[in-house]
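Dear colleague,

I am handing over the structure below, together with a written account of what was found in it. Please read the account with the sequence and the model side by side.

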Amino acid sequence: MKTTTDFITTVAEVNKISRSYGFRNGIHWAEKAERVKEINPGLLAQFRRCSEMYTKVQGFASTKNCVNEALMDAAKIFYSCVLHSKLRNQKQKPVLPEGTFRFEPYVKQFHWKGVDGEPYDFRFEIVNQGSRDNPDYRIDIIDAPHFKKGQKHPHRFHILGAFTGSPYICWDTTITAFDKANAVMIVWAQNYKKELDKKKQEEGWGNSDCKAERKKIYLPDGIFRNDCAELGAGDDGSTDNGAADDTSSEEAKTVFFEKSAYNQILEILGTKKPELGGMLGFSEEQNLITTFVFDNNARVNHVEYNPNTKFLNSVINGKWVDEEISFAGFVHSHPGHFNRLSGADVEYAARICKELDMQYLVMPIVTSSTDSETSITGYLVTRDEEVLPCNIEVLENDGLCDSGESVSEELLEKAQAELEVMNQKYTEKTDPLSQDETFARISTSIPLDYMEECTIIGVGCGGARGFYEDMSRCGVGKFILIDGDVSSRSNIASQNGYISEIGKNKAFVVEARLRDINEYVAVKAVDRMLDDNISDEDFGKLLEEVSAEEGKTLLCAFTDSFDAQARCQKLATKLKLPLLAAQHHANGDSSEVLYWYPGVSKYNQEDILATRYEAYANGFKNDVTSVGSPIFNTTRLNALCEKIALGIFLYNSEVNSRYSSFLRYNPDRNLILVRQKCLDYTDSVIDELFPHGDRSHFDDVVWLNPEEIL
């Protein structure tokens, strides 16, 4: 007896110390302590057993000694480790808890019922778009009732940082990422459900302001009796009374239980002596059993459970009326393997059905772990005493985390506030960008209404990120960004990167920047390389996703991969898309830009760079990187590409733009070379284009007609 009492005291003290450190409880501390190597996996396993046993023995330690000396010794080690721990939650880098959605996509589903009784199923997916060490999560809607494609705006929440001012979930990290994600999904689904219900009410599906007063109901007195104690049960739990054998041959129905109610049944009825019970409450709105009321003051003995109907009726006609919960049935426990309803159980359940004018009662049976393994077996009992087997399905419908802790009201309120900000950003605008103060200063030189309909397909999001950002500032309204690489520390100096982006996919990083410039921009980020895994059909679907328009779409090949550059030319030719390609030469001494406009330019990339194509076909491997090229070389190259891109977009517009002159008057001068450094002491490929006496200058641009060099 004393062992159990000491065990409870020790683990309670462990939880108290852990909370003072900023953790939820002792096991929360232990999980993080194991990840930072403060304790080993073996100790973590022991501490988990301590935590599980502590949950079971609380409240009835005086009646049963469940703790042995080995578990008590583990609890003492638990206490010592926590007491001397140097780990403080608020001082640690945020790390996702084990068993959430750290490395694989995580899908969460909500099952609710609308105002017209139609089931609403919401499914969300959480994916890691960053890396294992630097997670960066996105929440997407997979499915929702009547959800239109155009409404699917993904939410993102970040663990290690986010971009200020963007519509992203980014909270402090003293609570787990899983808590935040649950809060976002709960509020998101609730808000959408309210919109659907409001619309249906406007169409005449009921009136929430004129609810009829609910008629009071009263449970009749009666007894659930375990007949196996009187008649004798076989090894399989069967009896000779035949009550539960009278089951229908029809396919079993499914009864949905909310996870919190289901766990409460297991924790209370499944861990105590049998012949205890309680009442089940059904939420009409959510279309599942959400509530379990333990009948703690009922009269019970080793064979009978006599419900306290006075107490239960007060709940049904009081609290449940306010919370719009309906009576659904009873759950009670049986000993051993006797997981079937007795004749007395069926008789009393059928009588309740008749008294309350119900079609059937939900009547699950719990087998207590004090006699055998805990289990719940589902049954329905009709008013005619027919016993129907039923399946029990548990839904994580109330925002519970995997740890079993509910999401706080504070988190839900915070999620609501964040989502309201995002919804405002995505509200359909009534004024064109030219009326927006953001773009007011360039509206006199750039036709913003036209640019808003233009699309840039960007292959490569490293050094070209500045190009995409600047084109967004010029009013381009649609982007497809393709890059399977992640940001590294070496990209900070050469590609406008930031420490907070290390480990994150480059395409998603640029997407976030674009949304931070223009909240109305349409962006499709693809965290894959442009290789054979992306078929021509897949590429065409990407164009459809952003509604790319013919004559207003530009394909940009900003990658140092020759194969990707060549694939871009093939796609441009097949789809008749203008192409813009750019790259640095060795050491950043010079840079190269090539554009091609179908039906206007005489030579394309394959024609102009024929010798390069031939070299790669013969096995040439390029070892040139951005090493030695300062960031201003990339900025210079991007600025030139931006002007060319603007000219390509406006070439077929009604605007007589000065930026399109090169296409109107000299469309064949489509190979451009830039001298980025003085050519003294270099072996630059453009050396021969400049007079020998002019080698000390730089920042020259030469527009070449391929016929001059072919």
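**Aromatic pairs and clusters**

Phe562, Tyr613, Tyr616 and Phe620 come together as one aromatic cluster, where rings of Phe, Tyr and Trp (its six-membered ring) are taken to pair if their centres lie within 6.5 Å, with planes under 30 degrees apart counted as stacked, over 60 as edge-to-face and the rest as tilted. Please keep in mind that this is a predicted model, in which local features need pLDDT of at least 70 and side-chain atom pairs count only at pLDDT 80 or more, while totals for chains, interfaces and linings use all residues. Residues are numbered from 1 along each chain as its sequence is written, and side-chain values use heavy atoms, with hydrogens and water left out.

The pairing rule gives a count of 14 aromatic pairs. The ring centres of Phe327 and Phe330 are 5.8 Å apart and their planes stand at 70 degrees, so this pair is edge-to-face. Phe327 and Phe330 are both buried (buried means under 20% relative accessible area, exposed over 50%, and partly exposed in between, with a 1.4 Å probe and protein chains only). Tyr597 and Tyr651 also form an edge-to-face pair, at 5.1 Å centre to centre and with 65 degrees between the planes. Because Tyr597 lies in the loop between β21 (590-596) and α18 (605-608) and Tyr651 in the loop between α20 (631-650) and α21 (661-665), the pair ties together parts that are 54 residues apart in sequence; helices (H or I, at least four residues) and strands (E, at least two) are DSSP runs numbered from the N terminus. Tyr597 has a relative accessible area of 7% and is therefore buried.

**The core and a buried charge**

The largest nonpolar core has 44 residues, and those with the most contacts inside it are Phe467, Tyr468, Phe479 and Leu580; such a core is a set of buried Ala, Val, Leu, Ile, Met, Phe, Trp, Tyr and Cys residues joined through side-chain atoms within 4.5 Å. Helix α20 supplies the largest share of this core, nine residues. Leaving aside neighbours within four places in sequence, Phe479 is in contact (heavy atoms within 4.5 Å) with residues including Ile456, Tyr468, Met471, Leu514 and Val546.

Glu642 is also found in helix α20. What is the nearest side chain of opposite charge to Glu642? It is Lys643, 8.0 Å away, and Glu642 is buried yet has no salt bridge; Lys and Arg count here as positive and Asp and Glu as negative, with His and the chain ends not counted. Beyond its neighbours within four places in sequence, Glu642 is in contact with Gly466, Phe467, Asp470 and Met471.

**Salt bridges**

The structure holds 18 salt bridges, each a side-chain nitrogen of Lys or Arg within 4 Å of a carboxyl oxygen of Asp or Glu. Asp470, already named as a contact of Glu642, forms one with Arg473, the closest N and O atoms being 4.0 Å apart. Asp470 and Arg473 are three residues apart in helix α13 (residues 465-473), and therefore about one helical turn separates them. Both are partly exposed, Asp470 at 29% relative accessibility and Arg473 at 44%.

Glu545 and Lys524 meet in a further salt bridge (3.6 Å, N to O). Since Glu545 lies in helix α16 (residues 536-545) and Lys524 in strand β18 (residues 522-526), this pair ties together parts that are 21 residues apart in sequence. Arg636 and Asp699 also form a salt bridge, with 2.5 Å between the closest N and O atoms. That pair links distant parts of the chain, with Arg636 in helix α20 and Asp699 in the loop between β22 (671-675) and β23 (700-704), 63 residues apart. Finally, salt bridges that share partners join Glu453, Lys478, Glu549 and Lys552 into one network.

**A three-stranded sheet**

An open sheet of three strands has the order β5-β10-β9, with antiparallel pairing; two strands pair if DSSP finds at least two bridges between them. β5 (224-225) and β9 (299-300) stand at the edges with a single partner strand each, so one side of each is left without a neighbour in the sheet. Two bridges join β5 to the antiparallel strand β10 (residues 304-306), and Phe224 has Tyr305 as its bridge partner in β10.

With kind regards
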